[in-house]
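Hi everyone, thanks for making time for this. I'd like to walk you through one structure, with a few questions along the way.

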Amino acid sequence: TPRGDPPPPPPSPAGAAAVHVPQCDLEAQIEADIQSVETLGDPLKRMLSMTNASQAEKNILKIRQIVQKFQRHPADTGSPEVQIAVNTERIMTLQVHMKDHHKDNNTKRGLLQLVADRRSMMRYLKRKDKDRYYEVIEALGLRDMINLIPPKAFLPPKAALKEELKQKQKAQFRENLKLGIVSKKKKKKSK
């Protein structure tokens, strides 16, 4: 056409029924694809195989499989479990990219943002349902790094050392008190 519109689809042969696979039923769609590929010859099977797919297509397939594994119901794509799993897969893909392209600052920024998003979602899931949280991190092979009780204050290094020394002295005093070496009475300072 002169405007560059795509050509209309060819008419379907007489008697051929259009195959419609629901979007949310991924297993049925994959099964239908496998059956249609099995009727093709070997050269065509090799052409359509995932070994010839681009890395982007392989990533999309991995993400679909992960969504299917972690979803609560067939149309679920936004539950915290699914989001954590998808972000984990994307993080692993970007880590491989960053090993080869360590100066790629845009990817590095995106990777750090994904890690922050996943941490936020993990914190939410742990707060709402600890059992599902532990199931997800076990299935993904992640460590439990989410502490729901934030530290009271971040101390500078010198102050942290002083605080640590003070805590050790208090522990030593309690130990000496138990052994009877030191009494509780404090001496009054004279002026």
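This is a predicted model: local features need pLDDT of at least 70, side-chain atom pairs count only at pLDDT 80 or more; totals for chains, interfaces and linings use all residues.

Lys168 makes a salt bridge with Glu164, and the closest N and O atoms are 3.8 Å apart. The two residues sit four places apart in helix H7, so about one helical turn separates them. Lys168 is exposed, at a relative accessible area of 54%.

Now let's step back to the overall picture. Of the 191 residues in the protein, 17% are buried. The exposed surface comes to about 16,200 Å², and carbon and sulfur atoms supply 56% of that area. As for contacts, take those between residues at least 6 apart in sequence: 38% of them join residues at least 24 apart.

Back to charges. Side chains of opposite charge can pair when their charged atoms come close. How many salt bridges does a search of the whole structure find? The search finds six. One that I'd like to show you is between the side chains of Asp144 and Lys126, at 3.2 Å from N to O. Asp144 is in the loop between H6 and H7, while Lys126 belongs to helix H5, so this pair ties together parts that are 18 residues apart in sequence. The two partners also see the surface in their own ways. Asp144 is partly exposed, with a relative accessible area of 35%, whereas Lys126 counts as buried at 8%.

Next, a network. Which residues are linked with Glu81 by salt bridges? The network contains Arg72, Glu81, Asp129 and Arg132. Within that group, the side chains of Asp129 and Arg132 meet at 3.2 Å, N to O. Asp129 is partly exposed, with a relative accessible area of 24%, and Arg132 is also partly exposed, at 23%.

Glu81 itself is worth a look on your screens. Glu81 is found in helix H4, which covers residues 80-100, and at 4% relative accessibility Glu81 counts as buried. What does Glu81 touch, leaving aside neighbours within four places in sequence? Its contacts are Phe70, Arg72, Leu125, Arg132 and Val136. Two of these, Arg72 and Arg132, belong to the salt-bridge network as well.

While we're in helix H4, have a look at Arg90, which also lies there. Arg90 is partly exposed, with a relative accessible area of 40%. Setting aside residues up to four places away in sequence, Arg90 touches Ile63 and Leu114.

Which residues form the positive one? The positive patch is made of Arg119, Arg123, Arg127 and Lys128. Arg123 sits in helix H5, residues 105-128, and is partly exposed, with a relative accessible area of 34%.

The other patch is nonpolar. Phe173, Leu179, Ile181 and Val182 make up this patch of about 380 Å². Phe173 has its place in helix H7 and counts as partly exposed at 37% relative accessibility.

Arg143 is exposed, with a relative accessible area of 64%. Not counting residues up to four places away in sequence, Arg143 touches Met122 and Ile137.

Among the features we looked at are the network with Arg72, Glu81, Asp129 and Arg132, and the positive patch of Arg119, Arg123, Arg127 and Lys128.

Notes: Residues are numbered from 1 along each chain as its sequence is written. Side-chain values use heavy atoms; hydrogens and water are left out. Patches are made of residues with over 30% relative accessible area and no salt bridge: like charges are joined within 9 Å, nonpolar side chains (Val, Leu, Ile, Met, Phe, Trp, Tyr) within 5 Å. Accessible areas come from the Shrake-Rupley method with a 1.4 Å probe; for residues, only the protein chains shown count as cover. A salt bridge is a side-chain nitrogen of Lys or Arg within 4 Å of a carboxyl oxygen of Asp or Glu. Lys and Arg count as positive and Asp and Glu as negative; His and the chain ends are not counted. The place of a charge is taken as NZ of Lys, CZ of Arg, CG of Asp or CD of Glu. Buried means under 20% relative accessible area, exposed over 50%, partly exposed in between (1.4 Å probe, protein chains only). Contact means heavy atoms within 4.5 Å.
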